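Student: I would like to learn how to read a protein model. Could you take me through one, feature by feature?

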Amino acid sequence: MRTYVITGGTDGIGRGLGLHFLARGDRVVAVASGQGKGDAFLAEAERLGAADRARFLRADLSTLDGMRSVAAEVESTVDRLDGLVFGTQRFRPRREETPDGFEYTFALSYLSRFVLGHELAGVLDRAESPVVFNVAGSGGMPGRIDWDDPHLREGYTGMRAAMQASRCLDLLGVDFPRRHPGTRIRYVLYNPLFVRTAMADPLPQPQRTITKTLAFFLAQRVERAIVPMAALIDAPPDAPVSAFRKGKPLALTGDDFDPEAADRLHRLTTGLLAAR
Ligand SMILES: NC(=O)c1ccc[n+]([C@@H]2O[C@H](COP(=O)([O-])OP(=O)(O)OC[C@H]3O[C@@H](n4cnc5c(N)ncnc54)[C@H](OP(=O)(O)O)[C@@H]3O)[C@@H](O)[C@H]2O)c1
């Protein structure tokens with residue numbers, strides 16, 4: 001029986017993967033901030049006959065307290081972790097700061113994956129073939145990291161924040177093996193493209209209705225979108241880091257995967273964390 005921790009595991013892609021693993025007999029810890037979706041996830045697990053293998057861990061992963069409490073809880077309750085799947089997101093049309101003083105999307109989409117990935121590397125390395133599966137925006141819409149203003153105090157838009165987080169996540173993946181020499185963990189970055197999820201819920205009108213209508217006609221259903229993802233989690237490539245766009249491998253070249261920029265981002269991030 002394998003064990004998976006899935007952030008954003010109560011909705012959309014994370015939920016789809018969690019229920020897939022539960023249905024085949026694995027153990028799943030779903031992490032999210034809302035009790036209602038957590039209860040619904042557990043009810044679905046019970047319906048699948050997997051109540052004793054499903055757990056909901058409630059935490060706000062936009063906060064350092066939330067990130068660290070999840071890392072500590074997993075480390076103290078899980079012997080070895082086969083897969084750590086990252087799937088949290090919440091689009092923020094207006095700029096918000098977390099209690100730690102971080103821009104919300106930077107904290108939730110990027111920092112939570114930085115903290116949890118590095119802190120859980122030890123428990124992952126105890127598994128036979130461990131994988132970090134980062135559902136992100138690799139090879140997708142362009143975006144850049146604002147090195148002088150990562151919290152986007154100037155010129156914030158929700159899309160700019162989301163795209164900056166995507167660039168940070170690609171660099172996080174590139175950098176990961178360098179921070180864990182000799183690790184057996186394979187790090188997979190995966191862009192699912194357009195999937196019909198709760199993604200549009202926080203959008204203001206009329207964008208919400210437009211996006212949901214487009215999703216109805218153009219986006220993949222979760223059940224279908226997760227098929228190549230589950231296959232990659234079961235059998236990731238041999239390379240320490242790999243990236244995919246809807247099942248197709250991406251070359252780890254160009255600015256998005258630049259090792260020097262990855263090193264710079266690591267230093268920026270550890271500096272930001274040390275200051276809190
Ligand atoms: N859907 C797409 O078309 C698409 C395209 C490209 C990339 N992606 C990526 O795929 C991943 C999954 O996206 P999705 O569309 O499946 O998302 P989704 O349906 O919106 O689900 C998001 C999940 O994150 C949780 N979450 C939100 N805020 C949180 C917080 N502060 N703390 C902890 N958990 C929180 C939500 O639960 P609570 O609200 O209860 O906390 C929910 O379980 C994301 O990384 C996204 O960037 C998606």
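Student: Leaving aside its neighbours within four places in sequence, which residues is Y110 in contact with?

Tutor: Contact means heavy atoms within 4.5 Å. By that rule, Y110 is in contact with T105, C168, L169, L172, L265 and T269. Before we go on, two notes on reading: this is a predicted model, where local features need pLDDT of at least 70, side-chain atom pairs count only at pLDDT 80 or more, and totals for chains, interfaces and linings use all residues. Residues are numbered from 1 along each chain as its sequence is written, and side-chain values use heavy atoms, with hydrogens and water left out.

Student: Which residues touch the most other members of the largest nonpolar core?

Tutor: In soluble globular proteins, nonpolar side chains tend to be buried together. A nonpolar core is a set of buried Ala, Val, Leu, Ile, Met, Phe, Trp, Tyr and Cys residues joined through side-chain atoms within 4.5 Å. Buried means under 20% relative accessible area, exposed over 50%, and partly exposed in between (1.4 Å probe, protein chains only). Here the largest core has 50 residues, and L81 and Y110 touch the most other members. Helix α4 (residues 104-119) gives the largest share of this core, nine residues. There is also a second, separate core of 28 residues, with Y4, F21, A30 and V188 among them.

Student: How many helices and strands does the protein chain have?

Tutor: Helices (H or I, at least four residues) and strands (E, at least two) are DSSP runs, numbered from the N terminus. The chain has nine helices and eight strands. Its radius of gyration is 17 Å, close to the 19 Å that the globule rule gives for 276 residues, so the chain is as compact as a globular protein of that length. That radius is taken over C-alpha atoms, and the rule is 2.2 Å times the number of residues to the power 0.38. Buried residues make up 53% of the 276.

Student: Which residues lie nearest the centre of the largest pocket?

Tutor: On a 1 Å grid over the protein atoms alone, a pocket is an open set of points where a 1.4 Å probe fits, with protein on both sides within 12 Å along at least five of seven lines; lining residues have an atom within 4 Å of a point. In this model 49 residues line the largest pocket, and T88, Q89, R90, T197 and M199 lie nearest its centre. Helix α6 gives the most to this lining, with eight residues.

Student: Where is L152 found, and is L152 buried or exposed?

Tutor: L152 is found in the loop between β5 (131-135) and α6. Its relative accessibility is 1%, so L152 counts as buried. Phi of L152 is near 50 degrees, a positive value in a residue other than glycine. K246, not a glycine either, has a positive phi of about 45 degrees. K246 lies in the loop between β7 (241-245) and β8 (248-250), and is partly exposed, with a relative accessible area of 41%.

Student: How far apart in space are S242 and Y187?

Tutor: Positions in sequence and in space are separate things to check. S242 and Y187 are 55 residues apart in sequence and 6.5 Å apart in space, C-alpha to C-alpha. S242 is found in strand β7 and is buried, with a relative accessible area of 9%. Not counting residues up to four places away in sequence, S242 touches Y187, V188, L189, P237 and L252.
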